[in-house]
Amino acid sequence: MRAYLAVIKDSFREAFSSKILWVLIVMIALFLVLLSGLSVAPAERTGLDFPDVFDWPELATRLRDAEADSPAGKLRGRFPSELQDNLRKFKLDGENRRVFRDLRRQLNEQLDSDDFATAVVVPEDNLSDEARELVGQGENMDSKTRQRLNRLVLEAALPNDIRPSPGEVMTPTYIGFEIFDDFTLDQKQLTQVINTALQVFIFFFVSVMGTLIAIVVTAPIVPRMFEPGAIDLLLSKPVSRSLLFLSKFFGGCAFTIVNAAFLIGGMWLIIGIRFDVWSNGLLLSLPVYLFLFVLYYSVSAATGVVFRGPIISVVMVGLFWFVCFVVGTAKDTAEQFEINGSRIHTIVPVDDALLASNSAGDLQIWSTESETWERVFDPGSERLGGVAAMAIRAQQGFPFLGPIYDRRKQRIIAITKPTPVFMPGGGPSRMYIGRPDDNWSRRGGAMLRMSPRSIFLSPEGEILAAGPAGLQRFTGDAETPQRPFRVFGLDLGSRSDAGRFVEATPEEMPRWNSPFAATIDQNRGHVVIYSDGTLSLLSPEKNGDRVVYTPGANRDLETDEAALMAVAGNTLLVALADGDYRLLDATTLEAKTTLEGPEKPRWAAGSPDGRFLAVLSHGSSAWLYDVANGQPVTNTAISGEIRAMAFTDNSSLVVGDLFMRATNYKLPDFSVEASYDPPLSTLQSVYRYALLPIYTVFPKPGELNNVITRLFQEDSTVAISGNNDDLQADQVEIDIQTPLISNAIFLIIVLALTCLYVSRKDF
Amino acid sequence: MTVPNTPPVNAALPDTAGRHEPVIQVSDLQKTYRDGWFRRRKIQALRKVSLEVGRGEIFGLLGPNGAGKTTLIKILLGIVHKTAGEARLLGQPAGRRIGRKRVGYLPEGHRIPRHLTGNTALEYYGSLSGMSVADTRRRRAELLDMVGLSDWGRTVVTKYSKGMLQRLGLAQAMLHEPDVLVLDEPTDGVDPVGRSEIRQVLNVLKDRGKTIFLNSHLLQEIELVCDQVAILFQGEVLKVGPVEEVTDLTEAGSSEITLELEGDGETIAGLLPETVGSRDQTGETRWRVTIASLNQDGIDSLVDQLRTAGISIATITRQKLTLEEAFLRLVRGASGDES
C-alpha cells in the first residue's frame, strides 16, 4: 500500500510544482476576492409595478364602483380630477391603456406621500402584522419606512387587486453600493437566485471550462509515466501494474482536486458569510464535478497508456465528448420534436368517444375510422408559436387545468394556467370551451383573477374553480369570445363582461394557504379544501338564486406535505406527496385508514360508481384502491410506466402509456373493453428501437449536470413552474441514478480494460 | 565520489559461502515480439538463451545493438513477458514481485520525473521498493555521498547533467539494499573519472556479496570488473564464461604464437605449420611469423625443426586477445555464418 500511496503523494507533489496550478490558484483567489464584494443590505418593498396588480381592468372597475367612504373610495378621492373622471367613464371594452398608465403613476405618487396611511384609513383588522407594527411607530419613521407602510396600507385597502409583498427584503450590494434601484428580494428568493446562479456557474465555469482546462493540463501525466526509461524503472519495483496505473490515475486528479476544492470551498464560504446562504448543494457539487472529470480523464489516461502522447489523449477526450453529445442531442431532439408531442398526458372520456392530450397540450380525439388521433380544440388565432410557445411551455409545462367533460351541456372545459404577464404570450388564466357539434374548436376565454388549482362541476352543473385565493364559480356565458386586453403584448385583463368568475364563498372567508388542493364530492355536493395540512368541508347553501359554499367540518392532518384529493362513495382520499395516503369519511372527515402509495401523485380520481380510487404519480406509477373491499388492486395492466388515467362514465378505467396508446379496462377484472393504439411513426420507431437502446448503454457525462441540479433542489422532481406545492403541475424528474450508474459502469469498464492492457503489455 | 569503508551492508548475506549459488538462471529462453497492424510480423529477440549467474558475481552481458540484452533483463524483471523457456531470479520465476523486491535496477536512459529533487526522487523510489520514508531518509545521505551527489540532494533533477542523473539512478537502484543489481549501461554519459568511481562502487558492492548483472557496450569496463561474461548476438548466446575463457578463442590447449626469426625465408616458410597466420619480413633475413593456433607439442616440434634447419629464434611470444578483440571476432564470425 505504501508504494501506491507514494505514487498518489508524488502526483500532488507534481501538481504543486506546476506553474499552471499556481496561475489558476491566483486567478481563483482573485475571483473570490471580487466575489466577496457582493452582499445584500436590508431594504423595504415600496412602489407599484404593473405585475403587482392581479388584474388592472378589475382594479379600475373596483375603483370606479367603490363607495366614497370605503378605503378604495378614499384612495380614488385623492386622485387628480382628470383621472377620477377617466375612472368614472371606465369601460371594460374601451381603450384603457392610458387610464392604466395614469393609474399606476398616480398610485406611486400616493405611495410616496406622507399622509397616505392616515388618509386612506383601513380597518386595523385588515392590516398585516408588519403594517400594525409600523403604525405603532407613530410619526417617528423615515421616508423609506413611511413608503413601506403606504404600500402595506394599499395592499390592505385593495386585497383582491394588489399582490402582497414580503416584509423582510434585501437589495443586492457591491462593496456597500446598491447594484439595482428598487430591486428587492426576500431570503427565500435570494436563496433561489443564488442557487440558480450557482447552478449556472457550476455548469459553465466548472463543468465545462474547468473540465476542459483540467483535461488539457493533466493529459501528459499518464503518457509521461509510460515513457521508456520511466515505466521500466517503475515496473522493476515490487508493485502491481494495475494498482500502479490506478494510483497514477487517481493521483492525476490531484491538480483538479486542488483547484476545484479551492474554488468551490471558497465560494461556499464567501456566499455563506456574505448572504447567509450555506449551500450544501454547492459543496456536494465538488465530488460530482470530480466524478465528471474522472470520467473524461479515464478516456485520456487509457489513450495515454496505449498511444503515450498527451495530444492524442486530448483529441480522444474531445471525440468521446462529441460522440456522447451527438447521442444525447439526437435523443433530446427526437424527444423535443416528436416523442414528447406523442406522449400521452391527459385522458378525457367523452360519452362514446375518447379525447386525449399530449404533453404539449394538443387535444386529440380518437378516430375509429383511421385508428389514429386527430387534433381538436385548436386555439385558432390565439395560438402561440415559436419563441412565445416555447417560453410558455418552459415556464409551465402542460398548459391546461383539465380538460373536464360537462356531460350535461356536452362540452369540454379547460382552464389555461396563468403565466407572468411580462412573458411573451403570458397572462392570467382563461377558460375555454369546446363542443362536439363545433368540431371541438376552442371558444370563450373568460378570465380568472386567481391561480386556479382545480376545476370541477358541481352536481348542478356549475363550473367551479378553486385555488389558494378562493373558490369561484362561473356566471354568464362561457362560450362568448372574450379577447384579452393587451398593452405592449401584456395581457392585462379582459375587455368583456359576458361571463366572469365570482366568489363562491362568503366574503369574509380568509384566503387559503399553500400547499393547496381541492375536490368535490359529487354525491353530496361538498367541496373539500386541503390548505396547508388542514381539511375543510364547504357545503353548498342556497342564498337566493345562487349557491354559497360555507365552511363546515375541519380536520388537521398534521402534515405540511402537498396533496391531491379524490372522493369515491363516502371515502375521501388525501394522497400526500410523501406517499402517505389517508382515507377519511367524506362527510365527517373522520380518519378511516392510512395506506402507502406512490410518492408525488399528479392525478387522483374516484370512479363514478364510488367503488374505486385511482392515483397516478409523477414517477408514472399507478395506484388503484377498491373501496368496496378496502384493498389496493394490483394488476399488470397498471404496473408498467403509466402516463395517464381516467375513469369513464361506467367506471371502467382508461390507462395510457408512452406513444399516445390507451386501453380501456373493465373493472374489477381488467378485461379489455377497447384499445387505442396508433401506429408508430418512423421517428418513433427509430427512437424506440435504436436511439433509446444506444442512449441507455452509452455513458452520459453531460447528464451529471442533472445531479448537480438535483443537489440544489430539495426534491427528486421539480415543477416546471417552480411551484412544487402544486402536484398537478408538470414536473421534471431529475434522474440522478441513471447518469451516476451508467457513468460509473463506463468508468469501471475503461479502467478495467486499461489495467488489463497494462498488465499484459511488454514495456 | 566516496566509497565508504564500511563492512558489508547486508550482513545476513554470506560473503563467500553462497557465491556459487545461482541467483539468475535462464534456460532456453525465447522471446518473440509481434509487430504491425495485425501483429503478424514476428521479431525474434531471444532464441533459446541459457546462462547462469552465481551469488556475488559480477556478470557482464555483451552484444551489439539489437542483440536482445535489454529484452533479457526486462524478462528477468517482469517488464517483458517471455515467449518460451525458463527464467528464474533469486529462485523465483522471473517477474514475481517477491523476486523484484530484492533487485535494484538501473534502466538504460532512465527518466526521473522532472519535478523531483535528488532527495525526493530517492524517497519516491524507496517507497515504491517498500521502504518507509524514515528508512529512505536515513539511507539517502550515505548513498548520495557514495555516488558523488551529496551536495545535489535538494536540487531539482532538471538541473542535473546526464552523468549526474546516471549516478542518481544508481543510487536509487542501491537504495533498498538489494541482493541483485541489474545495471543497463550504468556508465552511459559518465565521464572517465566517474566511470572509474562507478567501477569502484561495483567492486565494493561485490565485496558486500551483491550480485551484479551488468549490461554495457564498454567492453574494457566489463573486462575490468566482470567475473563472467556472455556475448549475445541476434538473440543467441555466442559465448559465456569467465573473461579468460571468453577471450581465448583458440582450440583447447592451443594459443596464438608470434616468432621473431632470422634465416633463409624459403627454409622458414617450408617449416611453418598450416595454421600460420602471417609471415612478414622485418629485415634482410629477419621475419615475424604469427601462428593462429598451436599447442605445446607443436611449439616444441617447430622450435626443434627451426633450430635443426639453422634458423635463429630471436623471440617467441604467446599472444592473448582482449575482450574487445574476442567480442569482435566472435560477432564478425557469427555475422559471416549468418551471411
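This is a predicted model: local features need pLDDT of at least 70, side-chain atom pairs count only at pLDDT 80 or more; totals for chains, interfaces and linings use all residues.
Residues are numbered from 1 along each chain as its sequence is written, and chains are lettered from A and ligands numbered from 1 in the order in which they are written.

**View 1. Chain A touches chain B.** Chain A gives 21 residues to the contact and chain B gives 23 residues. Two residues are in contact if their C-beta atoms, placed from the backbone, lie within 7 Å. On the chain A side, α1 (2-16) and α12 (231-235) each give two or more residues. The largest share, six residues, comes from α1(A). Helices (H or I, at least four residues) and strands (E, at least two) are DSSP runs, numbered from the N terminus.

**View 2. Four strands of chain A form an open sheet.** The order is β31-β32-β33-β34, with antiparallel pairing. Two strands pair if DSSP finds at least two bridges between them. The edge strands, β31 (644-647) and β34 (671-676) of chain A, each pair on one side only. Strand β33 (residues 661-666) of chain A joins β34(A) over five bridges. In β34(A), S671(A) is the bridge partner of K666(A).

**View 3. P598(A) sits in a loop.** The loop lies between β26 (591-596) and β27 (601-606) of chain A. Leaving aside neighbours within four places in sequence, P598(A) contacts residues including G579(A), V615(A) and W623(A).
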